[in-house]
Structure formats: C-alpha cells, structure tokens
Amino acid sequence: MNGYTRCLKALKWEKPDRIPVIPQNSDMSIFMSGYGMKECLYDGRKLGSALLDAQEKMGYDGIMIGPDASILAEALGCEVNYRDEDPPAVTAPILESLDEVDRLKETDLTKNGRIRAWLDATKFILEKSKGELFVICRADQGAFSLASLLRGSQEFMMDLAMEENPEAIRKLLEFCNRIHIRFAKLVKESGAHATTCGDAYCGPGLISPEMYRRYALPYQKEAVRIIQDEIGIPYSIHICGKTDEIHDSWPETGAAFFEIDHCTDIVSLRKKTYGRTSLFGNINTSSLCFSSPEEIKAECNALFSQIRPETGFILSSGCSMSANTRIDNVIAMVEAAREYDI
C-alpha cells in the first residue's frame, strides 16, 4: 500500500495497513533544501523540489504544501515582511476602519505570483511522485483569520466586542470567505487530493465559544459545503491552540478532517468526531525540535494508546514545524507509525 492509498483509506474511514504520516513541515523542508525562503515562495519548482526531497529523506506518506499564513492577505494588499528562515508575516492591515469594507476589491488569484507558485508546486509534486503520495495544498486562511489580518487582529476583536457595525462585519467575513473558497477551487484544479485552511484567530484563546458560533462557524460551514460538495475536494480546518471549549461546535462544520494542535484534548475531540471527521495530529512541535527520537517515539505511542488510530487518523505535527526541527525526530514519527500494530 503506498502513501496515497494509505492516507485516502484513513480519510474514508477504511482501515489502512498502518497509521499514515503527513508532517506539516514546509518551512523545515525549505530550510533543508538550501534555497532561500522567498526564493521558494515565488518558484513552484523549487518549492516542490524542496518538499519532495524532504519526503524522500524521511519517508512519510504525503506532503502538505503551505509555507505561510499570509499569502491571501498579501494578495489583497497587506504589507508582508519576508524572513530568511521563518515564513513571511503580515506587518500592516489594509482596513483602518470597518467603514472601508466596501472598498475591498476582488482580485484575480491566478495572476498572483505567490499563489501560482503554490499551485505549480502541487502540480510538480503530483507529476514527480507518480501517484505514490497524498498531496494536500492549503488554501491559506479561513474567513475569520483572513478578516483579522485585513483589519488588524486587535482592531477586529474590538469591532466584534463593540458590535457597532454588524453589517460591515458580515460583509468583511463574506468577502474573505469568497476569496478563500476561490483559492480552494484553484487548488482542486491543480490536482491536489485535499485542501485545508488555517483559522487560528477564531480559537478559544482569542474569542469566546459564543463568538466562535456567531462569527466563525457559519462561514466554516459554508466553506465546507461549497469546497467539499460543489468543488469536490476533501477539506480540513486547522485551529491553533487549545480548542476544547468549541468541541461541541467545531464538528458541526462537516469538514473531512481537522488538524489538531498538541495542547488540545484529542481524546475528547476524537469521541465527538469518530466516524465523521478524521483527525491529523498532534505531536508537539517543540518536542520535534528539542526532544530525542526515543522521546518522540514515546510521545507517538502514548498518543496511539489514547485514541483509536486504526482509521480516521493521520499522524502529524500539532502545527507548522519550524526550520530547526530535527530530521531524526520526523523519522522517529514515521518509524513509530510503522511499528504500531493497528
């Protein structure tokens, strides 16, 4: 059974021959390649080569493409700071006030160099891997997180708390969801086997469960409906941090899979999603940098013993892995999955 089949079976709630592994290691792969971060972000062939070379060294089952969380915000006009070893970050929003929401302009994503690079990397990996690997390309940020970047996170939180202009909030979130869904459609057209969004700003560490249900959940549901049912590609939602307080709501999205951070109670979420939503996770990214391979194997085996990993589960890092992640620790993840008898 190859990596593609193994991952697909897990997502379809069928039993693979062993636990599949897909680390979230785009930044690590770029660092290993010797290419510069910005160099890869604008060159799909170099990005694809970096990701493939890393996979060949460490032997996992699929590749997740998506080195940063600023690509859509930048495409819409936000200022971005490029860094050598870390992913680029938004440094300035474009909305000084919610009153400016009607000035937001639709953009042709196909003409954006960075977006083309992600799509080209997807095609390159699919061509070179010859159907052996499961390929996921991110569609960047979900509506709530993209809105936070366009408006400024603190400013947007104040907008929600004060609720002085609910119509503008709705317009902003609808606009961001349209852009995100449009990116997902391009990902599907590139041939990727699945897509995913990051929506860290809507986690319980930043907003209340009530606000999540009001301002994030409806747009996540709409994204799932359109991306999975109409566009026709499996879709994941990643929310950084501890998400326990929204475990009664999050599964309502109907997403095919969730990417789970290490501090989340994955056992609780597994019970609420079993048979419906597969889980990716959730090895501590700090451990992957600083622990030993033996400790990583122990962490993996402890995770396996807590959940039912025979299907509906793909072993992964809890979040995006930094450039200084140890190669032998990723190999230890792969070995732990191979050695565990499901």
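**Notes on the sheet and its surroundings**

1. In this predicted model, Phe 280 stands opposite Ile 314 in S9. Strand S8 (residues 278–283) pairs with S9 in the parallel sense, over five bridges; strands are DSSP runs of type E of at least two residues, and helices are runs of H or I of at least four, both numbered from the N terminus, while two strands pair if DSSP finds at least two bridges between them.

2. On conventions, residues are numbered from 1 along each chain as its sequence is written, and side-chain values use heavy atoms, with hydrogens and water left out. Because the model is predicted, local features need pLDDT of at least 70 and side-chain atom pairs count only at pLDDT 80 or more, whereas totals for chains, interfaces and linings use all residues.

3. The sheet is open and has seven strands in the order S1-S4-S5-S6-S7-S8-S9, with parallel pairing. Its edge strands, each pairing on one side only, are S1 (62–65) and S9 (313–317). From one strand to the next the twist averages 25°, where axes are lines fitted to C-alpha atoms (for helices over the stretch in contact) and angles run from 0 to 180 degrees between N-to-C directions. Helix H10 (residues 209–231) packs on the sheet, touching S5 (194–198) and S6, and its direction makes about 155° with that of S6; contact means heavy atoms within 4.5 Å.

4. Ser 236 lies in strand S6 (residues 235–239). Is Ser 236 buried or exposed? Ser 236 is buried, because its relative accessible area is 0%, and the cut-offs are under 20% for buried, over 50% for exposed and in between for partly exposed (1.4 Å probe, protein chains only). Not counting residues up to four places away in sequence, Ser 236 touches Thr 195, Thr 196, Cys 197, Phe 257, Phe 258 and Glu 259.

5. Lys 188, in helix H9 (residues 166–190), is partly exposed, with a relative accessible area of 35%. Leaving aside neighbours within four places in sequence, Lys 188 is in contact with Ile 231, Gly 232 and Ile 233.

6. A search of the whole structure finds nine aromatic pairs, counted where rings of Phe, Tyr and Trp (its six-membered ring) have centres within 6.5 Å; planes under 30 degrees apart are stacked, over 60 edge-to-face and the rest tilted. The rings of Phe 304 and Phe 313 have centres 6.4 Å apart and planes at 80°, so the pair is edge-to-face. Both residues, Phe 304 and Phe 313, are buried, and together with Tyr 340 they form one aromatic cluster.
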